[in-house]
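The model is predicted.

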Amino acid sequence: MDAAPGRSPRQAIPFLLPALVVLAALVLYPLVFSLIRSFFDASGEQFVGLRNYVDTFTDPRTLTAFRNNVIWVVVAPAAVTGIGLVLAVLTERIRWATAFRLVLFMPMAISLFASGIIFRLVYEEAPNQGVVNAVLVGVHDVFSPSSNYPGARPRDGYTATEAGFTANAPARAGDTIMVPLVGFSPQQVPAPALPASVPQAGQGELRGVVWLDVSVGGKAGRIDPTERGLPGVAVEAVRDGQVVARTTTGDDGRFTFPDLTRGEVVVRLPSSSFTLPFRGLTWLGPSLITPVIISSWIWIMTGFAITFIAAGLSAIPRDALEAARVDGATEWQVFRRVTIPLLSPVLLVVFVTLVINVLKIFELVFVIAPGSVQSEANVLALQMWQVSFGTGGDQGAGSALAVILFLLVAPAMLFNIRRFRRERS
Amino acid sequence: MRKQWIALLALTAAACSGGAAGTGSQEFKGQSVEVVGPWTGDEQKSFEKVMAAFTSKTGAEVKYTPAGDELPTVLQTRISGGTPPNVALVAQPGLVAQFARAGSLKPVNAEVEKAVTEHNAAVWKKFGSVDGKLYGFTFKTANKSAFWYSDKAFQQVGATPPATWDDLVKTSKAISETGLAAVAVGGADGWTLTDWFENVYLRTAGPDNYDKLAKHEIAWTDPTVRKALEELAKLWGDSTLIASGALQTEFPKSVINVFGEPPSAAMVFEADFVASVISTNTKAKVGQDAKFFPFPSVAGSKDAVVAGGDMAVQFKDDKVTTELMKFLASPESGQIWAELGGFLSPNKDIKPTAYPDDVTQDLAKRIVDAGDNVRFDMSDLAPAAFGGTKGAGEWKDLQDFLADPGNVDGIMQRLEADAAKAYGK
Amino acid sequence: MTLVADEVRIEVPVSGAPRRGVLSRLASRLGNGFVQLVLALVALFWLVPVFGLLIASLRDESANTASGWWTVFTKPTELTLANYAELVANRTVWQSFLNTFYIAVPATILVVVMAALASYALSWIEFPGREGLTVLVVGLLVMPIQVALIPVAKLFGAIGLFGTITGVVLFHVAFGLPFAIFLLRNFFTGIPRDLIEAARMDGATEWVIFKRVVLPVAKPAIASLTIFQFLWVWNDLLVALVFADQDSAPITVALRAQLRQFGTNIDTLATGAFLSMIVPLAVFLVFQKYFVQGVLAGSTK
């Protein structure tokens, strides 16, 4: 032997060569190509030094992307690793462990594109399409009944306020209040409603009629032959900010305030009759879009974590656990002091892989975020795609982003390598 | 005399479209051509029938690759890889210009040019020319000035299709009184908003200014742009007129909102391909329940059409490629697809009766009749970073405008900034 | 996996205590019923989106866009197998299904083999620059695929691999190696040094040590790697779209070609997703039994 066993570079060569050749040609070369390309402008002809990098850091879209990637990195990998760990340990205790792992693995078997579509649908805003809002609306409607005339509003003469529609002009005793409503379909007027007509107000009272002022060829503000009154609309008389009387319209849409002798009142229609039905939240809007996409990612990637952690768990010799139990440790102590330390290499691999995956995240954001919120949901890989491709794409700036992405991950790699070096010595 | 030849060709094409034994010259038997296009699904099947006719006629085999939305990336990488297809169908003239200037495209040969001049209005030749040379022609076009409406909703208010923008606003108000939103806007897809803008701008500013803005020879802060945005705000700014959640509604959903059950809007603007969404996703019948009126004139403008299209270009100039280009430029090829539905062509020598129904015929006729007053979709003429990127550039700025139609100045400045960056390169 | 931790030192060789006994004792201690319930709820919750997708694949497109999939319980007659029938009858889809095997199987095998070899060298053969090389190789993990598209296209074009299955396979191998090496190297370094040293003392060559000592122990890690590498290649779209031509297109590309350009496509996507999903799930089931193999089999004398 010409060298100590295990200490010969020459022996390493046949092991390393195939992988290194492929990596060098297809991964390293494009990386170097990108690095060089990042110093040139869009056409690739003109050297511009660090200008692409400066532009990147000053572009607000890139800054949003950075911010979002930070949120992703802080929240998502830890969540998935944690959930995966808990579930992996719990599954050891049941007989149908394989079936369970299969269920969790299934999202990974579906392509990212299809998963993105699934979640687009799950979080769809319309409650008759998106399951999340369907549940929310269902629960909400159990507790608060819907309004009678959602979306209806007075044609004119009223101002919308928090409390409802308040009349612009005050009324006094003897007045007849005409309240034409629009924004509601004549077909939907409840069956008992009778044709509307103008009431006559007597002395010391206020009378009025609330009717649906919508008909083909009818005149605005006038009661046309086919127009009907709206029953069940609450009407309030307000004086100096206080409600002094309240009533509800009858089947013909008429209402009466019988004892209004003093001064003026302002008529108000409380909004409870007109509120639009609750339609759930705008999950795919600017504020919720990133949590939504993160939740989809968690659904997909937990299967990844649990698979590897289960593999790690299965490699733990039972004796270690036995020894600890025999020594009188509780399950929790066994978990904390034996299982986790023995699992820590696997956990680290899983965690670091997830961190890198999150830094590169692209398809999910591209598919789930509608165009209107893509800039809010933006992440670095998506920004790089948008900058590089398409006509007039700037491959120089895109390459700069790729290099930045690489530099962001390097520390994680170094940390991992160092840790192992320390452990082995 | 020519009519007889055309009839004969049409008969031959019809006979060949069933994939029967070739009756053509078989001059190119044994050779094959590669075509890359954006069409998938049913459209792919129709195009493959057109290609089958070519095979019957000339004996050359055709391999079609559907690239969908990734067409620019696929073409760019294939060019880099040294294996471009023979012919590609490209929807963005900007991309065509980019390829032409980079020397990847071959200009069409004299026979093809003659056919293009003969069968189309002069303006179509302009669309396909780069720096004075003709590189392509529009094979399939889309009429992007069609306003679709639900017959039922119009009858409910006794409305007739509006001919002017002010009429449109009035009709919209009448419809919204019945509780139905007047217009569904697919705001999540920024390109629908650019089509709205282009139609209004073409009518308020005229074709010459349209051309200038498309080349960025006038700025987006120009008063003509302001006028167009203000007209648009008359409709978009009234929240009772636009179906809610527009920014999260994708284009197909906006169509379903009008023609599905239960409807939440009465009209949807876009192009002829709305018909295919109607027939796939709803039970409404095109021509009976679903009709269209041409985009209304604004402030007394004349008839104008904004059109989109897929342009045939060639990367090689061997004989079989030229033969294919000739075939595509002739009315024969378009006629085959026209009969199958879902296809419009600017080729004025395709018989109107080839189109399968009245609505399609009408749409096609309007394009051909508009002659030189047709303008190509401006966002497709612009660099993709401005006019063709999800969540960025013109698409995002118009989405912001939809969210806040009062902010005309702010949006104009943003549009100008994005355009300057994209065109400036 | 490091098997040496702060508190517990493992002596090798040991044969494991029978798992059954341990499990039943654990179960009784923890209130097995409660755990079962929790896990059942989690599983159910996890399945909801997939279930929705399944229902969507069994409905006509107009039904899909008109109402949510849960309404189907009130209208069970709405369910139809038409979407599946249409896809299965499509010859291009079948061809692409086979193509996906031609791409995924070699890609997976090559990655596992090449990564195992390289990881062994990086863990147990000392040579100058080993640390730096490891950092470099594993650091390539962060390369996004989009960045490599054009340079590799040029390279493939020059050597005539553009548009071939071989080219696609090579690309996948290259991009699968960093993670594979990362995973396997971390696993290999956890094998007790004594095992390796003992074998070396006996005069075994590196190859023999690799084959007889390291590989058997590494089965769980290799199994997990196989599952995921296969699955990522099976589900890839972008690489195939760019580097494969019409004849060599895998199923992801073929399914994409079925989508309507301007309409909704839930029916096609859902059906395609289910048909495509079967294979990775099968691979999972086959390989995951290797996790259940536990302990180091006795390997020193």
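**Helix crossing in chain A**

- The axes of helix 3 (residues 60-91) of chain A and helix 7 (residues 289-314) of chain A cross at roughly 40 degrees and come within 7 Å.
- Helix 3 of chain A is therefore oblique to helix 7 of chain A.
- The crossing of helix 3 of chain A past helix 7 of chain A is right-handed.
- Sorted by class, the residues in the contact of helix 3 of chain A with helix 7 of chain A are 19 nonpolar and 5 polar, with no charged residues.

**Helix 8 of chain A**

- In helix 8 (residues 318-326) of chain A, the buried residues are A:Ala320, A:Leu321 and A:Ala324.
- Viewed down the axis of helix 8 of chain A, its buried residues fall within an arc of 95 degrees, so they line one face of the helix.
- Helix 9 (331-359) of chain A is what the buried residues of helix 8 of chain A pack against.
- After helix 8 of chain A comes A:Gly328, which has a positive phi, near 95 degrees.

**Contact between chains C and B**

- Chain C has 25 residues in contact with 31 residues of chain B.
- On the side of chain C that touches chain B, at least two residues each come from helix 3 (61-66), helix 7 (145-159) and helix 12 (238-243) of chain C.
- Helix 7 of chain C gives the largest share of that side, 6 residues.
- By class, the side of chain C that touches chain B is made up of 11 nonpolar, 9 polar and 5 charged residues.

Methods. Residues numbered from 1 in each chain as written. Chains lettered and ligands numbered in written order. Predicted model: local features only at pLDDT ≥ 70, side-chain atom pairs only at ≥ 80, totals over all residues. Axes fitted to C-alpha atoms, helices over the stretch in contact; angles between N-to-C directions. Helix = DSSP H or I, 4+ residues; strand = E, 2+ residues; numbered from the N terminus. Parallel < 35°, antiparallel > 145°, perpendicular 65-115°, else oblique. Left-handed = near helix turned anticlockwise from the far one by under 90°. Nonpolar A, V, L, I, M, F, W, Y, C, P; charged D, E, K, R; others polar. Contact = placed C-beta atoms within 7 Å. Buried ≥ 20, exposed ≤ 12 C-beta atoms within 10 Å, placed from the backbone. Arc of directions from axis to C-beta.
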